[in-house]
Structure formats: structure tokens, C-alpha cells
Amino acid sequence: MENNTSLQQQLLEAGVHFGHLRKKWNPKMLPYIFAEKKGIHIIDLNKTTEHLQETAAALKQIARSGKKIMFVGTKKQAKEIVTECARKINMPYVTERWLGGMLTNFNTVRKSVKKMQNIDKMLGDGSAESLTKKEKLTLGRDRDKMDKVLGGISQLGRVPAALFIIDIGHEHIALAEAKRLGILTFGMVDTNCDPNKVDFAIPSNDDATKSIAIITQYITAAIAEGLAERQAAKDEEVEESTDDEKERKAARIQAEAESEAGRGGRGGAPRGQGGPGGPGGHQAKRRVPGGGQRRGGGR
């Protein structure tokens, strides 16, 4: 992460400080407004930098814990940027249209996603070959339509842990659903919105492409760091478990060897039951010249 001075310079060059006209402002944004110039409010970049770093740190921790963060940006200026950044870190995103109930009625939305995946399977494995040309064409169109709206959440198995929103005023339905479910919300907030509606607000210009890009890319980099740390921790755990397994195996082999050595040391005839002629043993019969036998110790 860059130091505050260089970051502020980049934000300034991207036009993050430009707000809306004074007549459109929300009074609750007053703490984040630096000045007014030609009827336009200027956002305080010191506050922007502070809140951006705070937001990035929070999202990094969420990513490190393995939870999903959904990117929401259906504005024309934000679509491509949000799609690119979300795909880069394999996070769900919505850039076309927010379907009512996408979070509050998630099970029904998942059914639509499964239907889309089944169509993909049919078209892929050749089972759609039995359909007529018109039926296949209709099926393909339905699939494209669903992919346009649901493609970004096709791999989302459950409700995300957080939402990162571009323009909380424009995405008010998504914000309301997240609040209803108690999902953490992060968003870019311009001078015409209420910053108290989100848990983490980034006071910034949410209309300019450059402004959206620099904020979203900064957030994406922080999430990527969290994911990298999570992977490193996993690798370390695997390595430790492998080392532990090796130690246990070595200890088991050593114990078996010691046990075998102990059994070998106690081998042979038991004491008091020696071989022939030995202490406690029977005397062997001996043949003597001239035939006959006599027991040892003749008469």
C-alpha cells in the first residue's frame, strides 16, 4: 500500500474530490466536505484516504477469514471496472440489474442459477441434440439472458459476508436487503448520499470512471492480500501437519524396533531347562563298545 501522500495525489488526479452541486447535497455529508467551489462541493481527501484505508483493512480481514464479498455496481461507468476487479479475485458481482430478493430470497435465486447450469450441461454434453432447432435456439437465448443477470453469482453457494457498493443511492435496494439480513456494507458515498446508511463509507466521487477505478482497484488489492495471507497460512498448516506426521511415524518405528530388540534379548531356552548334559537336563544315553547301553556314570 502506498503512503498517504502519494495516495492522496493519485486520488486528486483521478478527480475523487469532486462532489455534486450544492443544491443536491445531503447535510449529513458535511463532515467530509472540504469547501465549495463554483457551486460544487469539494470532498476532503484526507477523510477519503482515512476511510479508504479503514475500509480496505476491514475487507482484507473478511477475505482472510475465507468469506465472500459481493461487488455491486450497475451504473454504466462502473460495470466493466467492477466485473474486471471481482473476477481477478474470484468474488461474486452484480453489474447488470439487481434482482429484487437476490439476498432476502436467495434460495429462489439459487434455483435460477441451477437452471442455468443445467442448460450449460445439456448444451455441453450433447443431450440437447434431440431437441429441434427452434427449441435449442430458445434454450440458448434463455441461458444468455440468465447469464447476463446471474453470471456473476453463479459460484456463490450462500449469502455473502459483505457488500461493496458503488453509489449507495443508486443501489438502494441492494443496501436495504443487506441491512435486513445484517450483512456488512461498504460503499462509495458522494455528497448527495447519507454516509450513515453504510457500515463503512468512503467519501468520494461515484460518477467519474477514473474515481471508481482507483477506489475499486485499491479495495481489490487489499482483498487480494487477505486471500494471499489465507493461502500462506493454509500452506504452513499443511507443512506443520506433514512434519508432525513424519515425527509420529519415526517415533512409531523406533518404538517397534526397541520392542523387537527386547524380545530378541529374552530369546533361547529358559533358565533351569538347559540342553542335554546341562544343568537340570536329562543325561544322554551312551553306547559302549561291545554292545549294550549304559547310562552315564557307569557302575
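Predicted model: local features only at pLDDT ≥ 70, side-chain atom pairs only at ≥ 80, totals over all residues.

Q: What makes C85 buried or exposed?
A: The relative accessible area of C85 is 3%. The limit for a buried residue is under 20%, so C85 is buried.

Q: How many disulfides does the structure hold?
A: The structure holds 0 disulfides. The term requires a pair of cysteine sulfur atoms within 2.5 Å. A disulfide is a covalent bond between the sulfur atoms of two cysteines.

Q: Why is the pair of F71 and F164 called edge-to-face?
A: The structure holds 2 aromatic pairs, and F71 and F164 form one of them, with 5.6 Å centre to centre and 65° between the planes. Centres within 6.5 Å make a pair, and planes over 60 degrees apart count as edge-to-face; therefore this pair is edge-to-face.

Q: What does the pair of F71 and F164 tie together?
A: F71 lies in strand β4 (residues 69-72) and F164 in strand β6 (residues 162-166), so the pair ties together parts that are 93 residues apart in sequence. Both F71 and F164 are buried.

Q: Why is the pair of F186 and F200 called stacked?
A: The rings of F186 and F200 are 4.7 Å apart centre to centre, with 15° between the planes. Planes under 30 degrees apart count as stacked, so this pair is stacked. F186 belongs to strand β7 (residues 184-189) and F200 to strand β8 (residues 200-203), and the two residues are 14 residues apart.

Q: Why is A208 called partly exposed?
A: A208 is found in the loop between β8 and α7 (209-265). Its relative accessibility is 27%. Buried means under 20% and exposed over 50%, so A208 falls in between and counts as partly exposed. The C-alpha atoms of A208 and V16 are separated by 7.9 Å, although the two residues are 192 residues apart along the chain.

Q: Which residues touch the most other members of the largest nonpolar core?
A: That core has 35 residues, and I69, F71, F164, I215 and I223 touch the most other members. At least two residues each come from α1 (4-13), α2 (45-64), β4, α3 (79-88), β6, β7 and α7. The largest share, 8 residues, is supplied by α7.

Q: With which residues is I69 in contact, leaving aside its neighbours within four places in sequence?
A: I69 is in contact with L59, I62, A63, M91, P92, A162, F164 and I223. A second, separate core of 27 residues includes W98, L103, I183 and V189.

Q: How do you know that both faces of β4 are covered?
A: On one side of β4 lie I69 and F71, on the other M70 and V72, and all are buried.

Q: What makes β4 and β6 count as paired strands?
A: β4 and β6 are joined by 4 bridges and run parallel. At least two bridges are needed for two strands to pair, so these strands pair. Within this pairing, I69 stands opposite A162.

Q: How many bridges join β4 to β5?
A: 2 bridges join β4 to strand β5 (residues 93-94), and the two strands run parallel. The bridge partner of V72 in β5 is V94. From β4 the chain crosses through α3 to β5, and this β-α-β crossover is right-handed.

Q: In what order do the strands form the open sheet?
A: The order of the 5 strands is β5-β4-β6-β7-β8, with parallel pairing. β5 and β8 are the edge strands, as each pairs on one side only. Within the sheet, β6 and β7 pair over 5 bridges in the parallel sense, and A162 stands opposite L184 in β7.

Definitions and conventions:
Residues numbered from 1 in each chain as written. Heavy atoms only, no water. Phe/Tyr/Trp six-rings, centres within 6.5 Å; stacked < 30°, edge-to-face > 60°. Buried < 20%, exposed > 50% of the residue type's maximum accessible area, 1.4 Å probe, protein only. Core = buried A, V, L, I, M, F, W, Y, C linked by side-chain atoms within 4.5 Å. Contact = heavy atoms within 4.5 Å. Right-handed = clockwise from strand over helix to strand, strands pointing away.
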